[in-house]
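Me: I'm new to this one. Can you walk me through it piece by piece?

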Amino acid sequence: MDGSAVVRDSMEVSVSGPDASVLRLGLLLPLSGPLGLTGPSGLSAACLAASEVIAAGHGVELVPVDAGRAPEAVAAEARLLADAGLVDAFVGFHTSDVHRALDVALRGRVPYVFTPPHEGGLRGEGVVLLGDEPARQLGPAVRWLGERRRLRRWALVGNDYIWPRSVHRAASRVVRALGADVVYERLVPFPWADGEAGFERLVDELGRAGAQAVLLSLVGRDLAVFNRVFSASRLAGRVVRLSGALEENVLLAGGGDDTGELYSAMRSFAGQGDERRIALAERHRAMSGPNGPVLDAYAEGCYDGVHLLVALAVAGVLSARRAKAASERLLAGAGDSRGWACAPLGRPRTGGYLARANGLDLTVITRL
């Protein structure tokens with residue numbers, strides 16, 4: 001089945017009204033803005049999951065909502081869809097400022113599965129988190145690199161919004177626990193209008209600070225531009241860079257990296273070659289052909305999020321009140337045994353990996 005067959009426009013469903021014969025999921029993805037380059041991958045992965053659900057005999061539709069806009073605009077559209085009964089649940093990835101606005105707008109209304117790494121903290125009723133908080137995602141990678149490379153002088157560089165601030169707090173604790181120092185810290189506007197010129201000045205500052213390693217919580221286009229500038233600088237081959245947001249699409253947008261010193265810590269990587277990733281790639285290729293977008297870690301999370309909501313629906317627990325506890329049981333392999341019947345690859349993976357950029361690829365070097 002062509003994955004596009006399961007996608008419905010929000011205006012179309014507003015006109016046609018609720019449809020109790022299908023499970024209708026709002027798909028919150030950055031289809032514009034600084035993270036827009038990751039959106040097509042997530043949409044393609046969600047379509048794959050929906051097609052698998054339909055092949056298993058269940059009706060499902062996806063209603064994309066552009067989560068690359070201002071938080072209040074995204075939250076207002078999502079709340080309108082929920083209050084009108086036009087969608088049964090939401091799933092997706094986007095920046096954490098959008099996520100926090102959605103948390104408030106959807107609280108207690110419908111389940112909402114947020115799939116990427118997140119900033120930690122409490123969530124409202126009905127919110128389910130699939131990703132890791134900063135200490136879990138990045139702490140092991142900082143320790144692994146710090147100990148093996150004897151990195152004593154760290155810099156923290158990110159965009160100025162919720163998730164990077166949380167990353168900086170967690171990373172500072174980990175770095176100091178290693179007996180190392182944070183010698184430079186900077187949060188730049190999101191997105192940063194200064195572009196390449198601004199990042200060139202920032203790289204010069206990193207050099208003057210004597211940083212041996214840079215933990216990056218820049219995202220999307222800003223991360224791509226920073227890495228392109230950095231790889232052309234005098235620091236490129238001698239300063240380690242570690243990111244919690246670098247996946248294949250951003251690496252490609254930055255022109256790749258051959259310095260041997262750019263690392264990423266994520267749940268998975270497209271080329272890691274394990275059984276689940278190979279199966280996911282084969283299924284995606286069968287649906288989209290050889291020219292479909294690369295399914296990065298964000299896309300895999302979106303794929304799993306769609307299947308999780310379907311599992312909740314099959315088990316009869318798709319409600320804001322029951323979603324969190326029921327999801328925890330399903331993700332742990334407990335709960336209703338029918339839960340993952342529509343998911344050919346089973347439950348989402350846990351844990352994470354550390355990979356190193358090698359040209360246009362990210363090569364896994366260790367499990368975290």
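Me: What should I know before we start?
Reply: This is a predicted model, where local features need pLDDT of at least 70, side-chain atom pairs count only at pLDDT 80 or more, and totals for chains, interfaces and linings use all residues. Residues are numbered from 1 along each chain as its sequence is written, and side-chain values use heavy atoms, with hydrogens and water left out.

Me: Helices first. At what angle do α7 and α8 pack?
Reply: About 55 degrees, with their axes 9 Å apart. Helix α7 covers residues 195–209 and helix α8 covers 220–231. Axes are lines fitted to C-alpha atoms, for helices over the stretch in contact, and angles run from 0 to 180 degrees between N-to-C directions. Helices (H or I, at least four residues) and strands (E, at least two) are DSSP runs, numbered from the N terminus.

Me: What is the orientation of α7 and α8 to each other?
Reply: They are therefore oblique. Under 35 degrees counts as roughly parallel, over 145 as roughly antiparallel, 65 to 115 as roughly perpendicular, and the rest as oblique.

Me: Is the crossing of α7 and α8 left-handed or right-handed?
Reply: α7 passes α8 in a right-handed crossing.

Me: Which residues of α7 and α8 meet?
Reply: From α7, they include Phe199, Leu202, Val203 and Leu206. From α8, they include Val225, Phe226 and Val229. Contact means heavy atoms within 4.5 Å. By class, this contact has 8 nonpolar, 1 polar and 4 charged residues. Ala, Val, Leu, Ile, Met, Phe, Trp, Tyr, Cys and Pro count as nonpolar, Asp, Glu, Lys and Arg as charged, and the others, Gly among them, as polar.

Me: Next pair. How do α5 and α6 cross?
Reply: At roughly 45 degrees, and their axes come within 9 Å. That makes α5 oblique to α6. The crossing is right-handed. The contact of α5 with α6 has 9 nonpolar, 3 polar and 1 charged residues.

Me: Which residues of α5 and α6 meet?
Reply: Leu138, Gly139 and Val142 are among those in α5. Trp163, Val167 and Ala170 are among those in α6.

Me: And α2 with α11, at what angle do they cross?
Reply: Roughly 35 degrees, with axes that come within 8 Å. α2 passes α11 in a right-handed crossing. The α2 residues that meet α11 include Gly42, Ala45, Ala46, Ala49 and Ala50. The α11 side includes Cys302, Tyr303 and Val306. By class, the contact has 11 nonpolar, 3 polar and 1 charged residues.

Me: Switching to strands. Where is arginine 241?
Reply: In strand β9, residues 240–243.

Me: Is arginine 241 buried or exposed?
Reply: Arginine 241 counts as buried, because its relative accessibility is 0%. Buried means under 20% relative accessible area, exposed over 50%, partly exposed in between (1.4 Å probe, protein chains only).

Me: What does its side chain make a polar contact with?
Reply: The side chain of aspartate 257, at 3.0 Å. A polar contact is a pair of N or O atoms within 3.5 Å; within protein, one must be able to donate a hydrogen and the other to accept it, and residues adjacent in sequence count only if both atoms are side-chain atoms. Arginine 241 also touches Phe226 and Phe230, among others.

Me: What about serine 264?
Reply: Serine 264 is in strand β10, residues 262–266. At 0% relative accessibility, serine 264 counts as buried. A polar atom of its side chain lies 2.6 Å from the backbone oxygen of leucine 246. Serine 264 also touches Phe269, Tyr353 and Leu362, among others.

Me: Now loops. Which peptide bond is cis?
Reply: The one from phenylalanine 190 to proline 191, with omega near -10 degrees. Proline 191 sits in the loop between β7 and α7.

Me: What is the phi of arginine 150?
Reply: Positive, about 50 degrees, although arginine 150 is not a glycine. Arginine 150 lies in the loop between α5 and β6. At 68% relative accessibility, arginine 150 counts as exposed.

Me: Last one. Where is glycine 351?
Reply: In the loop between α12 and β11. Glycine 351 is buried, with a relative accessible area of 14%. Its contacts, leaving aside neighbours within four places in sequence, are Asp132, Arg136, Arg267 and Arg367.

Note on methods: Left-handed = near helix turned anticlockwise from the far one by under 90°.
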